[in-house]
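This briefing is arranged by topic for reading beside the sequence and the model. Each group of points may be consulted separately.

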Amino acid sequence: MTMRTPITVHVNDAIGLIRPELHGHFLEHLGTATYGGIWVGRTSLIPNIDGLRASAVEFLRALAVPVLRWPGGCFADAYHWRDGIGPPDQRPHTVNHTWGGTIEDNGFGTHEFMHLCSLIGARPYVAANMGSGSPSEVRDWVEYCNLPGGSTLAALRIAHGAREPFGVRYWGIGNESWACGGNMTPEEYAAHYARFSTFVPTCGGTTPYLIAVGPNNNDTDWTRRFFTALATGRMFTPRIHGFAMHYYSWGRCAPTRYTPDAIRSQFASFDGMEHAIIEQRAYLNMFAERAGIPPIDLLVDEWGTWDLSEQETEDAHGLFWQQNTLRDAVAAALGLNLFHRQADKLGMCNLAQIVNVLHASLLTSGEACLRTPTYHTLMLMQEHRNRTAVRIASPLSPSRELSVSASRDDRTVVVTCANPDPEVTRTIRMQLAGASIGAVTGEEIADADPNACNTVADPGRIVPHAVTPVVAGDSIVATMPPLSILHLRITIP
Ligand code: AHR
């Protein structure tokens, strides 16, 4: 079935800056994301840079990861940072009780994470342990990371090889405190948040940016009760800069067995996420105004596809390892497109997770490290960063029929379209309101099989291909196959 669709890009109708942080990532001690994925260890035969998988570092550097959240997730509320510093052979072996009881030798700790961030150019975002830790443990971690010198903790960091402070700005206070992070009510979390955040110090020149646990999906009850409790009966309103919701796109099939209906039903969640962002943003504005504090950023610090697990696959590759298909590439475009459309409402978004877990950008198998279809979507869409998102007029539902985002600078308009339907071919006729169309170049990601993926035997099956869109009068005309992405670059003379 082929459908024709008009789209108008309103070049002079600005939404806001597309902050690079909207393209952020997340790494947890879970399955083979950290151990066996990004971290292979210094003595591994797999080529590595001080224990970090060299191929993954190279691919992630090219992806220009703007910000990386670590060490969890749920694991964050069980992690004691002192276990992961000092000479590797003297670090304790601990049990990852959060995720499968695996034994960790703590070879990957604070220094290794900071090293990874500096190699790939990412800003670190550390999720601190509130669930089973203490305010002083968090305070000490901040001091260890950020104080230039003079204290015993700063001296310890220097003794462990980091003369310069790490300058970590983003600090999360717990994770999913409504569930794995302590099973708290919003009122209980607000009390803990107030206490923990009070003790987070400013060290050196780094003022911490404090991130509170936000709702699961669009749980407005959590948001309302948390902010009411935070603002009531205290001498000072606690410092809070970011409020992080989690919004996953659950699927009912194993990754490579999706039917058209199952794809449509998974993608419907992106409508839900966009609605949640709009509603939660309005709540945050209201609460900040009532409390007389500066506006609070809304973050989506975990998002992505979450498919049905297969025991055999998890036994072979680790917990929550899921194959990444063309469907995931399109899902990534649906997510980034909606973040661009809501760029004025968001501070950061982190795709879960960067390697080997859930909606991964890289998958590893022994020595091999594959760039997934999702990786290629993210590479294409990098081009929107640090540009102004502009409004689109389209008669279609963005997550079910046609998803579009556009951005501009002085010379170009960049547009990403995703056709989320696995059965409908769409011919788009795109016009620019406010500018004329100059040269147009583009790339497409597509395949006849919605479950197609990149494998060690065929690592380049899903990659972008150059396309030559037709310019007919004042319109660009392009035909998008089912489940495909079209990324266009238009010069505006
Ligand atoms: O990303 C996997 C898990 O999903 C995270 O640890 C947790 O925060 C969420 O429930």
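The side chain of Thr372 reaches the backbone oxygen of Ser361 at 2.9 Å. This value, like those that follow, is computed from a predicted model. Thr372 is found in the loop between β15 (368-371) and α10 (373-381).

**Surroundings of Thr372**

- Thr372 is buried, because its relative accessibility is 2%, under the 20% limit.
- Setting aside residues up to four places away in sequence, Thr372 touches Asn324, Ala360, Ser361, Leu362, Leu363 and Asn454.
- Between Thr372 and His359 the C-alpha to C-alpha distance is 9.4 Å, with a separation of 13 residues in sequence.

- Thr416 belongs to strand β18 (residues 412-419).
- With a relative accessibility of 0%, Thr416 counts as buried.
- The side chains of Thr416 and His487 are joined by a polar contact of 2.9 Å.
- Beyond its neighbours within four places in sequence, Thr416 is in contact with Asn337, Met381, His384, Ser403, Val404, Ser405, Ile485, Leu486 and His487.

**Domains**

- The domain assignment divides the protein into domain 1 (2-9 + 391-491) and domain 2 (19-387).
- A distance of 30 Å separates the C-alpha centres of domain 1 and domain 2.
- Contact between the two involves 43 residues of domain 1 and 37 residues of domain 2.

**Nonpolar cores**

- The largest nonpolar core has 116 residues, of which Leu68, Phe108, Tyr189, Phe226, Val300 and Phe339 touch the most other members.
- Helix α7 (residues 260-291) supplies the largest share of this core, 11 residues.
- Because domain 1 (2-9 + 391-491) and domain 2 (19-387) both contribute residues to this core, it lies between them.
- Phe226 touches Pro186, Tyr189, Ala190, Tyr193, Ala212, Ile240 and Phe243, residues up to four places away in sequence not being counted.
- Another core, of 23 residues, lies apart from the largest one; Val9, Ala406, Leu486 and Leu488 are among its members.
- Leu486, a member of that other core, is also one of the residues in contact with Thr416.

**Disulfide and other cysteines**

- The structure holds 1 disulfide, formed by Cys74 and Cys180 with their sulfur atoms 2.2 Å apart.
- This pair links distant parts of the chain, 106 residues apart: Cys74 is in the loop between β5 (67-70) and β6 (94-96), and Cys180 is in the loop between β9 (170-173) and α5 (186-198).
- The disulfide of Cys74 and Cys180 is left-handed, because the torsion about its S-S bond is about -85°.
- The two partners are classed as follows: Cys74 counts as buried at 12% relative accessibility, whereas Cys180 counts as partly exposed at 38%.
- Cys145 has its closest cysteine sulfur in Cys203, at 9.5 Å, which is too far for a bond.
- Cys145 is buried, with a relative accessible area of 0%.
- For Cys453, the closest cysteine sulfur is that of Cys253, at 15 Å, again too far for a bond.
- Cys453 is buried, with a relative accessible area of 14%.

**Helix α4**

- The buried residues of helix α4 (residues 152-159) include Leu153, Ala154 and Arg157.
- Viewed down the axis of α4, its buried residues fall within an arc of 100°, so they line one face of the helix.
- An α-helix has 3.6 residues a turn, so residues three or four places apart point the same way.
- On the face of α4 turned away from its buried side are the exposed residues Thr152 and Ala159.
- The cover over the buried residues of α4 includes α2 (110-120) and α3 (135-146).

Notes. Residues are numbered from 1 along each chain as its sequence is written. This is a predicted model: local features need pLDDT of at least 70, side-chain atom pairs count only at pLDDT 80 or more; totals for chains, interfaces and linings use all residues. Side-chain values use heavy atoms; hydrogens and water are left out. A disulfide is a pair of cysteine sulfur atoms within 2.5 Å. Helices (H or I, at least four residues) and strands (E, at least two) are DSSP runs, numbered from the N terminus. Buried means under 20% relative accessible area, exposed over 50%, partly exposed in between (1.4 Å probe, protein chains only). The arc is that of the directions from the helix axis to the C-beta atoms. Contact means heavy atoms within 4.5 Å. A polar contact is a pair of N or O atoms within 3.5 Å; within protein, one must be able to donate a hydrogen and the other to accept it, and residues adjacent in sequence count only if both atoms are side-chain atoms. A nonpolar core is a set of buried Ala, Val, Leu, Ile, Met, Phe, Trp, Tyr and Cys residues joined through side-chain atoms within 4.5 Å. Domain bounds come from an automatic or database domain assignment.
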